[in-house]
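Welcome, and please open your viewer. Would you like a short walk through some side chains, one selection at a time?

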Amino acid sequence: MYSKIAGLSAVAILSATTAMATTDATATTDLNLRNLPDPRGEILNVIPAEAVVTVAECATSWCKVTYDGTEGWAYSPYLTASLDNQEPVVLYDNVDRFEVKQVDVNEDDRGRAAAVGGLTGGALAMSVLGGPAAVAGGLAAGAILGGGSVPEKTVTYVVSNPSPPVYVEGEVVVGAGIPQEVELVQVPDSDFRYVYLNGNPVLVDQDRQIVRVIR
């Protein structure tokens with residue numbers, strides 16, 4: 001199900017710029033832990049909502065974290081942290097405040113890593129829609145409309161009938177929106193549509209909002 005990227009490690013595609021502190025952060029939703037700071041990276045594990053991770057460094061919108069003994073990269077707009085017992089803030093917007101080490105991504109090497117997995121390298125043309133605030137609203141909607149009420153036969157159909165994989169900037173989480181440019185597949189006799197997005201099959205409602213990530 002997951003497109004694996006082999007032959008290059010995360011270390012090979014990153015160059016450190018500063019040496020700074022680590023910090024703890026909390027996942028605001030179930031969040032993929034990947035082997036690369038890229039939505040095309042292999043999924044190593046899933047960080048549950050409200051789980052705490054240790055953040056070692058960040059590269060643009062991705063941070064290298066450790067969860068349950070596994071080190072990988074998580075999408076930082078869905079990580080929050082607090083400073084001096086203040087209200088939690090989104091890590092993506094506050095990396096400097098937390099003095100987390102920042103690193104640069106070598107785009108050429110990342111493109112080669114993507115090519116190893118049979119994918120197109122370089123920048124991705126579209127982005128998943130919605131940050132933490134949108135996802136918080138989507139989680140509430142998903143609880144009412146989708147996630148817990150998806151029939152098992154719908155899940156079975158999606159798993160048995162994979163669609164062509166699509167990769168966009170960002171991460172697949174319940175509540176995020178699907179760009180209009182992404183073609184969705186209708187589930188027969190159902191209000192749901194689906195797409196295999198960033199390595200995960202996702203079920204989408206009529207508003208193009210993710211209501212379930214199938215893992």
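Here is a tour of one lysine and then some aromatic rings. Keep in mind along the way that the model is predicted.

**Stop 1: a lysine in a strand.** Select residues 62-67, which make up strand β6, and pick out lysine 64 within them. Is this lysine buried or exposed? Lysine 64 counts as buried because its relative accessibility is 12%, below the 20% cut-off. Now show what surrounds it: apart from neighbours within four places in sequence, lysine 64 is in contact with Thr54, Val55, Ala56 and Glu57, and also with Glu71, Gly72 and Trp73.

**Stop 2: the aromatic rings.** Next, display the aromatic side chains, where the count comes to four aromatic pairs. Begin with tyrosine 157 and tyrosine 194, an edge-to-face pair with 6.3 Å from centre to centre and 80° between the planes. Colour by secondary structure and you will find tyrosine 157 in helix α3 (residues 152-160) and tyrosine 194 in strand β12 (residues 193-197); the two are 37 residues apart, and the pair links distant parts of the chain.

Tyrosine 196, like tyrosine 194, is buried.

**Stop 3: a cluster.** Which residues form one aromatic cluster? Select Trp62, Tyr75 and Tyr78 to see it.

Notes: Residues numbered from 1 in each chain as written. Predicted model: local features only at pLDDT ≥ 70, side-chain atom pairs only at ≥ 80, totals over all residues. Heavy atoms only, no water. Helix = DSSP H or I, 4+ residues; strand = E, 2+ residues; numbered from the N terminus. Buried < 20%, exposed > 50% of the residue type's maximum accessible area, 1.4 Å probe, protein only. Contact = heavy atoms within 4.5 Å. Phe/Tyr/Trp six-rings, centres within 6.5 Å; stacked < 30°, edge-to-face > 60°.
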